[in-house]
Amino acid sequence: MNHEKAFLPPSPLFSIAVVSFDQERFIRDCLDSIFLQKYDNIELIICDDHSCDFEHQTIREYIEANKSENIKNVIIFRQQKNVGISLNCQKAFELSHGEYTKFQAADDMLSHENVLSNIASVFAHNQENVIFSRARACTNKGVLLQQIYPYDHNFSRASQMSAGELFVA
């Protein structure tokens, strides 16, 4: 009987791009929800849109002290001037190296430890290039509310649309 561990190839790199603007008070909760993820090959990108409350070194130290072993690469970038959400997301995407990429605002948290694994599974077993999900609102103190976005009628309508209908040039 062979007791050696079977060699498993690494999972594809999953980049999670945290985009922020003046959200310093929330970013630790956001990062903690990423550190709890069970997916085994994560790249963490933080792309800040020239916030007045963004402390690169403080965030780097927090990440190094708290990250789990599945965080394989960390990139922290601060825009030289405020460029807006679209260009900030574009820069985050340009910095990513993953086969999969998830964008997340710095004031958002992943709801459970298998979010990235579930997303990777959808991509691995389907031909979709883009997926979206719903979110549950919370207060500034982290208390979950009953509101879920997008609302039922918008989510149902969007889930039936083609990529061309969702992303009109």
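**View A. Buried residues of helix 1 in a predicted model.** In helix 1 (24-35), the residues Phe26, Ile27, Cys30, Leu31, Ser33, Ile34 and Phe35 are buried, where buried stands for under 20% relative accessible area, exposed for over 50% and partly exposed for the range in between (1.4 Å probe, protein chains only). Helices (H or I, at least four residues) and strands (E, at least two) are DSSP runs, numbered from the N terminus. The model is predicted, and local features need pLDDT of at least 70, side-chain atom pairs count only at pLDDT 80 or more, and totals for chains, interfaces and linings use all residues. Residues are numbered from 1 along each chain as its sequence is written, and side-chain values use heavy atoms, with hydrogens and water left out. Strand 1, strand 2, helix 2, strand 3 and strand 4 (100-105) are among the elements that cover the buried residues of helix 1. Helix 1 has 12 residues and spans 17 Å from its first C-alpha to its last, close to the 16 Å expected at 1.5 Å a residue; the expected span is 1.5 Å times one less than the number of residues.

View B. Strand 2 is largely enclosed by the rest of the structure, because 7 of its 7 residues are buried. On one side these are Ile42, Leu44, Ile46 and Asp48, and on the other Glu43, Ile45 and Cys47, so that both faces are covered. In a regular strand the side chains alternate between the two faces of the sheet. Strand 1 (14-20) runs parallel to strand 2 and is joined to it by 7 bridges; two strands pair if DSSP finds at least two bridges between them. Strand 3 pairs with strand 2 in the parallel sense, also over 7 bridges. Glu43 stands opposite Ser15 on the strand 1 side, and its bridge partner in strand 3 is Asn73.

**View C. Two β-α-β units.** Strand 1, helix 1 and strand 2 form a right-handed β-α-β unit. Another right-handed unit is made by strand 2, helix 2 and strand 3. A crossover is right-handed if, with the strands pointing away from the viewer, the path from the first strand over the helix to the second runs clockwise.

**View D. The nonpolar cores.** The largest nonpolar core has 27 residues, and Leu31, Ile34, Leu44, Ile46, Ile59 and Ile63 touch the most other members. Strand 1, helix 1, strand 2, helix 2, strand 3 (71-78) and helix 4 (115-125) each give two or more residues to this core. A nonpolar core is a set of buried Ala, Val, Leu, Ile, Met, Phe, Trp, Tyr and Cys residues joined through side-chain atoms within 4.5 Å. Leaving aside neighbours within four places in sequence, Ile63 is in contact (heavy atoms within 4.5 Å) with Leu31, Phe35, Leu44, Ile46, Val74 and Ile76.

View E. Asn41 is found in the loop between helix 1 and strand 2 and is buried, with a relative accessible area of 14%. The side chain of Asn41 reaches the backbone oxygen of Ser11 at 2.7 Å. Not counting residues up to four places away in sequence, Asn41 touches Ser11, Pro12, Leu13, Phe14, Asn70 and Lys72. Pro12 lies in the segment before strand 1 and counts as partly exposed at 29% relative accessibility. With the same exclusion of residues up to four places away, Pro12 touches Tyr39, Asn41, Glu99 and Tyr100. The C-alpha atoms of Pro12 and Ala124 are separated by 9.6 Å, although these residues are 112 residues apart along the chain.

View F. Ser51 sits in the loop between strand 2 (42-48) and helix 2 (56-66) and is buried, with a relative accessible area of 1%. Its side chain makes a polar contact with the side chain of Asp48 (2.6 Å). A polar contact is a pair of N or O atoms within 3.5 Å; within protein, one must be able to donate a hydrogen and the other to accept it, and residues adjacent in sequence count only if both atoms are side-chain atoms. Ser51 also touches Ser20, Phe21, Asp22 and Arg78, not counting residues up to four places away in sequence. Asp22, in the loop between strand 1 and helix 1, has a positive phi near 50 degrees and is partly exposed at 32%. His50 lies in the loop between strand 2 and helix 2, with a positive phi near 60 degrees. Most residues other than glycine have a negative phi.
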